[in-house]
Structure formats: C-alpha cells, structure tokens
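Please consult the sequence and the structure shown below while reading.

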Amino acid sequence: MITGAHTVIFSRDADADRAFFRDVLGFPAVDAGGGWLIFRLPPAEAAFHPAGDGSVRHELYLMCDDVQATVAELEAKGVEFVRGVSDEGWGLVTALRLPAILRLRIATAI
C-alpha cells in the first residue's frame with residue numbers, strides 16, 4: 001500500500017540548503033522543475049515519541065556507521081558543527097549547521 005515517503009524541510013534559504021545537500025553531502029537529486037531538487041535519500045525509518053512537554057516538533061537525523069569519521073570528513077569540507085558528539089544511550093549524536101537551518105543531526109546507533 002505505502003511505497004515510500006516524501007520529506008519536506010522548510011528553510012529560510014532553500015537554494016543554499018539544496019546546494020549543501022547536493023554539493024557537500026553528495027545526495028543525488030532530480031530537478032522537478034524551476035530548481036526544485038528532489039533528493040534520493042538512503043534507507044529511512046520513522047519513530048514516534050511522546051511529546052512530554054506538550055510541544056510537537058519534528059526532527060531529521062542522518063544516520064552513519066561512524067559518527068567520528070563522518071564529522072572529520074565533513075569538517076574537511078568546511079562544515080561547522082554546533083555541538084560535540086554525545087552519547088544519548090541509543091547512539092552517538094552530533095549536529096551540523098546547514099546554510100539556512102539552525103542544525104541537522106547526525107547519529108550512529110549503538
């Protein structure tokens with residue numbers, strides 16, 4: 001019945017964030033017209049967590065096999081990280097700065 005998912009990320013500067021996904025992260029994309037890039041992403045999963053404080057939010061984590069190696073590779077490309085790697089119990093997590101979005105998380109499940 002369901003064959004896939006389409007994720008939409010709202011941005012203050014969509015062109016800059018699209019260029020980051022294409023040029024820095026290397027995600028392949030197709031142009032849906034007028035510069036609207038649709039990126040092919042790696043396999044995905046979805047989880048639903050309780051909103052303990054009543055606020056509803058959505059988060060996108062890019063998963064990798066080795067967060068330290070991924071951080072080093074992205075830093076070599078000039079990517080700024082907004083927090084160090086932390087052990088969250090379920091995995092190691094950090095966050096990088098996109099051109100127009102405050103942060104995007106990267107995690108390695110443990």
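Contact means that heavy atoms lie within 4.5 Å. The structure discussed here is a predicted model.

**Overall arrangement**

The protein has two helices and six strands. Along the sequence these elements follow the pattern α-β-β-β-α-β-β-β. The C-alpha atoms fill a box of roughly 40 × 40 × 25 Å, taken along the principal axes. Of the 110 residues of the protein, 26% count as buried. Among contacts with a separation of 6 or more, 38% come from residues 24 or more positions apart.

Which residues of α2 are buried? They are Val67, Val71 and Leu74. These residues lie on the same side of α2, because they cover an arc of only 70° around the axis. The cover over the buried residues of α2 includes α1, β4, β5 and β6.

The two ends of the helix also show local features. At the start of α2, a side-chain oxygen of aspartate 66 comes within 3.1 Å of the backbone nitrogen of glutamine 68. Following α2 is glycine 78, which has a positive phi, near 90°.

The largest nonpolar core has 19 residues, and those with the most contacts inside it are Phe20, Phe21, Leu74, Leu96 and Ile106. Two or more residues are given to this core by each of α1 (14-24), β2 (37-39), α2 (67-76) and β6. With neighbours within four places in sequence left aside, leucine 74 is in contact with Val24, Leu25, Val79, Phe81, Leu96 and Ile106.

**Threonine 94 and arginine 105**

Threonine 94 is found in strand β5, and arginine 105 has its place in strand β6 (residues 104-109). Leaving aside neighbours within four places in sequence, the contacts of threonine 94 include Val67 and Val71 as well as Arg105 and Ile106. A polar atom of the threonine 94 side chain lies 2.7 Å from the backbone oxygen of arginine 83. Arginine 105, not counting residues up to four places away in sequence, touches several residues, among them Glu59, Tyr61, Arg83 and Thr94.

Is arginine 105 buried or exposed? Its relative accessible area is 12%, and arginine 105 is therefore buried, since buried means under 20%.

| Residue | Relative accessible area | State |
|---|---|---|
| Threonine 94 | 1% | buried |
| Arginine 105 | 12% | buried |
| Tyrosine 61 | 28% | partly exposed |
| Tryptophan 90 | 39% | partly exposed |

**Aromatic rings**

How many aromatic pairs are there? The count comes to three. Tyrosine 61 and tryptophan 90 form an edge-to-face pair, with 5.9 Å from centre to centre and 80° between the planes. This pair links distant parts of the chain, 29 residues apart: tyrosine 61 is in strand β3 (residues 61-63), while tryptophan 90 is in the loop between β4 (81-87) and β5 (91-96). Both partners are partly exposed, tyrosine 61 with a relative accessible area of 28% and tryptophan 90 with one of 39%.

Elsewhere, ring pairs join Phe21, Phe27 and Phe39 into a cluster. Phe21 is also one of the residues with the most contacts inside the largest nonpolar core. A further ring, that of tryptophan 36, has the charged end of arginine 18 sitting over it, 4.6 Å from the ring centre.

Notes
Residues numbered from 1 in each chain as written. Heavy atoms only, no water. Helix = DSSP H or I, 4+ residues; strand = E, 2+ residues; numbered from the N terminus. Buried < 20%, exposed > 50% of the residue type's maximum accessible area, 1.4 Å probe, protein only. Phe/Tyr/Trp six-rings, centres within 6.5 Å; stacked < 30°, edge-to-face > 60°. Lys NZ or Arg CZ within 6 Å of the ring centre and 35° of its normal. Core = buried A, V, L, I, M, F, W, Y, C linked by side-chain atoms within 4.5 Å. Arc of directions from axis to C-beta. Polar contact = N/O pair within 3.5 Å; in protein donor to acceptor, adjacent residues only side chain to side chain.
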